[in-house]
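Here is a short briefing to read alongside the sequence and the model.

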Amino acid sequence: MQNKIFLITGGSSGIGLEIIGQLVSKGHKVVSFSRSEEKIKRALNQFPALEGKVDFNIGSTTNEDDIKSLFEQVKNKYGVVHGLVNNAAILNKGTIETISVEEWTNILDVNLTGPYIVAKTFLPLLKKADGASIVNISSVAGLKPGTSLAYSVSKAGLDMFTKFLAGDLGPYNIRVNSVNPGLVKTHIHLDNKIFDDEQSYLNMLKNAASRYPIGRVGTPGDIASVVEYLLSDKASWITGSIIPVDGGIMVENDLIPPKK
Ligand SMILES: NC(=O)c1ccc[n+]([C@@H]2O[C@H](COP(=O)([O-])OP(=O)(O)OC[C@H]3O[C@@H](n4cnc5c(N)ncnc54)[C@H](OP(=O)(O)O)[C@@H]3O)[C@@H](O)[C@H]2O)c1
């Protein structure tokens, strides 16, 4: 798998940024797409070697015009896309009693409608690859209720989107899979103001680790290596799969003693 073209949404941070790092290190061309300039600067501060090696584009996955203009740009520059990772997402907290209709709509727009718009728009370039792979970054929160109603529903919807597309796009030799991470240390919780301060977030991470059979929460690299595999021809018979990458949290139960 060398010199292929990949589009990663939300590549300026966390898991998306790590996926980009792994793909670039193997000699691939990567196009990233996210909203804020600041997060791109933060990413390049963290990984200066990516400067000039990744096309960091600005826009929102929920904006059809932004995605259409990205499509034109990628079509003119590369003419093909071998892999798409629908990674961009936002997180909130809240139950049916606490979240507003506006928050509900916003989460579903970014986490579910965004992947739909991007996949639909880029289909012509994915078809050209003859063997393209779409990976949707979902969550274990889509498999069992998490701490946010809207987020869990959006990720459960994304998993059905994966299964449906696998059937629809198989005849074009396009594979579609979900990767469902457990808790991973990234910027998502603090950037989306899930915690009041960094110390509360770090305390949560420490407490959460003991509930994971493997005894720790995830790193972006834990997720990126599975995504890289699914993007590669090594996974050429895997499609329509929902794959938890979660340190075992999906099998956690009261009988498994917490790791100290
Ligand atoms: N970290 C975890 O514990 C965890 C667990 C399970 C699943 N996940 C999933 O893993 C994926 C990556 O999460 P992460 O933890 O790496 O989060 P992160 O560090 O917050 O990164 C999210 C990325 O998405 C971009 N983004 C958000 N909204 C966007 C939009 N409308 N259009 C384009 N880009 C947008 C962000 O940049 P801008 O804000 O600048 O647009 C950023 O680059 C997400 O799908 C998340 O749901 C994460």
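Thr-162 is part of helix 5, which spans residues 149-169. Please keep in mind that this is a predicted model.

- Is Thr-162 buried or exposed? Its relative accessibility is 0%, and buried means under 20%, so Thr-162 counts as buried.
- Beyond its neighbours within four places in sequence, Thr-162 is in contact with Asn-136, Val-176, Asn-177, Ser-178, Gly-240, Ser-241 and Ile-242.

- How many strands form the open sheet, and in what order? There are 7 strands, arranged 3-2-1-4-5-6-7, and their pairing is parallel.
- Strand 3 (54-58) and strand 7 (242-245) are at the edges; each has a single partner strand, so one side of each has no neighbour in the sheet.
- From one strand to the next, the twist averages 20 degrees.
- As background, strands of a sheet pair through backbone hydrogen bonds, in either a parallel or an antiparallel arrangement.
- Strand 2 (residues 29-34) pairs with strand 3 in the parallel sense over 5 bridges, and Val-31 has Asp-55 in strand 3 as its bridge partner.

**Around strand 4**

- Strand 1 and strand 4 are paired in the parallel sense over 3 bridges, with Ile-8 standing opposite Val-85 in strand 4.
- Strand 4 also runs parallel to strand 5, and 4 bridges join the two; here Gly-83 stands opposite Ser-133 in strand 5.
- In a regular strand, side chains alternate between the two faces of the sheet.
- Which residues of strand 4 are buried on each side? Gly-83 and Val-85 are buried on one side, Leu-84 and Asn-86 on the other, and both faces of the strand are covered.

- Helix 8 lies across strand 1 (5-9), strand 4 (83-86), strand 5 (133-137), strand 6 (175-181) and strand 7, and runs at about 170 degrees to strand 6.
- Two packed helices are described by the angle and the distance between their axes.
- For helix 1 (residues 14-25) and helix 8 (residues 220-231), the axes come within 8 Å and cross at roughly 55 degrees.
- The two helices are therefore oblique to each other, and helix 1 passes helix 8 in a right-handed crossing.
- On the helix 1 side, the contact is made by Gly-14, Ile-15, Glu-18, Ile-19, Gln-22 and Leu-23. They meet Pro-220, Gly-221, Ile-223, Ala-224, Ser-225, Val-227, Glu-228 and Leu-231 in helix 8.
- Sorted by class, this contact of helix 1 with helix 8 has 8 nonpolar, 4 polar and 2 charged residues.

**Two glutamates**

- Glu-97 sits in the loop between strand 4 and helix 4 (101-127). Its relative accessible area is 77%, and exposed means over 50%, so Glu-97 is exposed.
- How many residues apart along the chain are Glu-97 and Ile-15? They are 82 residues apart, and their C-alpha atoms are separated by 31 Å.
- Glu-103 belongs to helix 4 and is partly exposed, with a relative accessible area of 32%.
- Not counting residues up to four places away in sequence, Glu-103 touches Asn-92 and Thr-98.
- Glu-103 and Leu-165 are 62 residues apart along the chain, with 27 Å separating their C-alpha atoms.

Conventions. Residues are numbered from 1 along each chain as its sequence is written. This is a predicted model: local features need pLDDT of at least 70, side-chain atom pairs count only at pLDDT 80 or more; totals for chains, interfaces and linings use all residues. Side-chain values use heavy atoms; hydrogens and water are left out. Axes are lines fitted to C-alpha atoms, for helices over the stretch in contact, and angles run from 0 to 180 degrees between N-to-C directions. Helices (H or I, at least four residues) and strands (E, at least two) are DSSP runs, numbered from the N terminus. Angles under 35 degrees count as roughly parallel, over 145 as roughly antiparallel, 65 to 115 as roughly perpendicular and the rest as oblique. A crossing is left-handed if the near helix is turned anticlockwise from the far one by less than a right angle, and right-handed if clockwise. Contact means heavy atoms within 4.5 Å. Ala, Val, Leu, Ile, Met, Phe, Trp, Tyr, Cys and Pro count as nonpolar, Asp, Glu, Lys and Arg as charged, and the others, Gly among them, as polar. Two strands pair if DSSP finds at least two bridges between them. Buried means under 20% relative accessible area, exposed over 50%, partly exposed in between (1.4 Å probe, protein chains only).
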